[in-house]
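Thank you all for coming; I would like to take you through one structure this morning, moving from its strands to its aromatic rings. Please have a look at it first.

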Amino acid sequence: MASFAKLDGDNKVIAVHSLHDNECPTEADGINFLKKIHKTGDVWRQTFHDGTRKNYAGIGFSYDETRDAFIPLKPYPSWLLVEATCKWEAPTPRPNEPGTAYDWDEDSLSWVKP
């Protein structure tokens, strides 16, 4: 199966569709197939589980053409985008205490026990 993200005018993912491999041996074939069954002005990008385009697309993600990557929603205003993964990380690392849960507290910009 191959999956394709449908993008709005701001490159936000608004849907993800899966196609059988025989309908899309290439990304271009998949996009052409989807344009036949949806309106022709839609923008589509293939998404992958293997790290191609960094992250598998989800509704609300954005597609960054420069990075050729799907980027998830930013969870907190203080978090920073890691270029290598296009994932968000807290400005301070989560404490490494096995068996202990932590939540991010945006007000104090720190990890706290719930």
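In which sense do strand β1 and β2 pair, and over how many bridges? Before I answer, a word on the source: this is a predicted model, in which local features need pLDDT of at least 70 and side-chain atom pairs count only at pLDDT 80 or more, while totals for chains, interfaces and linings use all residues. Residues are numbered from 1 along each chain as its sequence is written, and side-chain values use heavy atoms, with hydrogens and water left out.

Strand β1, residues 2-7, pairs with β2 in the antiparallel sense, over 6 bridges, and within that pairing A5 stands opposite V16 in β2. Strands here are DSSP runs of E with at least two residues, helices are runs of H or I with at least four, both numbered from the N terminus, and two strands pair if DSSP finds at least two bridges between them. The pairing belongs to an open sheet of 3 strands, in the order β2-β1-β3 and with antiparallel pairing. Its edge strands are β2 (13-19) and β3, each of which pairs on one side only, and the twist averages 30° from one strand to the next. Across β1, β2 and β3 lies helix α1, residues 27-37, running at about 135° to β3; axes are lines fitted to C-alpha atoms, for helices over the stretch in contact (heavy atoms within 4.5 Å), with angles from 0 to 180 degrees between N-to-C directions.

Let me turn to R53, in the loop between β3 (43-47) and β4 (62-64). R53 counts as buried because its relative accessibility is 13%, buried being under 20%, exposed over 50% and partly exposed in between, with a 1.4 Å probe and protein chains only. Its side chain is joined to that of D68 by a polar contact of 2.6 Å, a polar contact being a pair of N or O atoms within 3.5 Å, where within protein one must be able to donate a hydrogen and the other to accept it, and residues adjacent in sequence count only if both atoms are side-chain atoms. Leaving aside neighbours within four places in sequence, the contacts of R53 include Y63 and F70.

That brings me to the rings. The structure holds 5 aromatic pairs, with rings of Phe, Tyr and Trp (its six-membered ring) pairing if their centres lie within 6.5 Å, and planes under 30 degrees apart counting as stacked, over 60 as edge-to-face and the rest as tilted. Y63 and F70 have ring centres 5.1 Å apart and planes at 50°, so this pair is tilted. W79 and W104, with centres 5.9 Å apart and planes at 85°, are edge-to-face, and both are buried.
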